[in-house]
Amino acid sequence: KKKEIKMPNPTILEEAPLCLVDVKEAMDKIVGRDEELGVLSQKTKEYLDNFVTLTVKQRDDIKTGLKSLDLTRLKAEHIAKIIDFLPQNLDDLKVVMLGYNVTLPKKDQEAIIDEVKKVI
């Protein structure tokens, strides 16, 4: 008779979009907790160390600024991508938003760019 192995059934408590600064913050906690990282975790850490330049305070400032614009079409996943790419002009913002089915008036787009530029 084969012994049946039961796999754990994880429960998703919450889904929330993360920007790369959030991922780097989580990775730093994992590095502090674990003695040795696996191959994928090590590659992820190297990527984050090389490409994430924003601080947690800068992320919070941009997120607060974007939320204060009170744009109903601007969702949390959009804010996370804006923080990841830090668009500096309207063309950059259009590229970031291309993957989403959302249109923003030009004045709203300019306000988003202004909020990003305030922080960086």
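Guide: Phenylalanine 51 is exposed, with a relative accessible area of 56%; on this scale, buried means under 20% relative accessible area, exposed over 50% and partly exposed in between, for a 1.4 Å probe and protein chains only. The model is a predicted one, in which local features need pLDDT of at least 70 and side-chain atom pairs count only at pLDDT 80 or more, while totals for chains, interfaces and linings use all residues. Residues are numbered from 1 along each chain as its sequence is written, and side-chain values use heavy atoms, with hydrogens and water left out.

Helices here are DSSP runs (H or I, at least four residues), numbered from the N terminus. Tyrosine 47 counts as partly exposed, at 44% relative accessibility. Rings of Phe, Tyr and Trp (its six-membered ring) pair if their centres lie within 6.5 Å; planes under 30 degrees apart are stacked, those over 60 edge-to-face, and the rest tilted. By this rule there is 1 aromatic pair. The ring centres of tyrosine 47 and phenylalanine 51 are 4.7 Å apart and their planes stand at 40°, so the pair is tilted.

Helix 1 (residues 20-33) packs with helix 2 at an angle of about 130°, the axes being 10 Å apart. Helix 1 is therefore oblique to helix 2: angles under 35 degrees count as roughly parallel, over 145 as roughly antiparallel, 65 to 115 as roughly perpendicular and the rest as oblique. Axes are lines fitted to C-alpha atoms, for helices over the stretch in contact, and angles run from 0 to 180 degrees between N-to-C directions. The crossing of helix 1 and helix 2 is left-handed, meaning that the near helix is turned anticlockwise from the far one by less than a right angle; clockwise would be right-handed. Where contact means heavy atoms within 4.5 Å, helix 1 contributes Leu20, Val23, Lys24, Met27 and Val31, and helix 2 contributes Ser41, Thr44, Lys45, Tyr47, Leu48 and Asp49. By class, these residues divide into 6 nonpolar, 2 polar and 3 charged; Ala, Val, Leu, Ile, Met, Phe, Trp, Tyr, Cys and Pro count as nonpolar, Asp, Glu, Lys and Arg as charged, and the others, Gly among them, as polar.

Helix 3 (residues 56-68) and helix 6 (residues 106-119) pack at an angle of about 155°, with axes 9 Å apart. Helix 3 and helix 6 are therefore roughly antiparallel to each other, and their crossing is right-handed. The contact is made by Gln58, Asp61, Ile62, Gly65 and Leu66 of helix 3, together with Ile112, Glu115, Val116 and Val119 of helix 6. The contact of helix 3 with helix 6 has 5 nonpolar, 2 polar and 2 charged residues.

Two loop residues complete the view. Aspartate 70 lies in the loop between helix 3 and helix 4 (76-85) and has a positive phi of about 55° although it is not a glycine. Aspartate 70 is exposed, with a relative accessible area of 65%. Leucine 86, in the loop between helix 4 and helix 5 (90-97), has a positive phi of about 45° although it is not a glycine. Leucine 86 counts as buried, at 17% relative accessibility.
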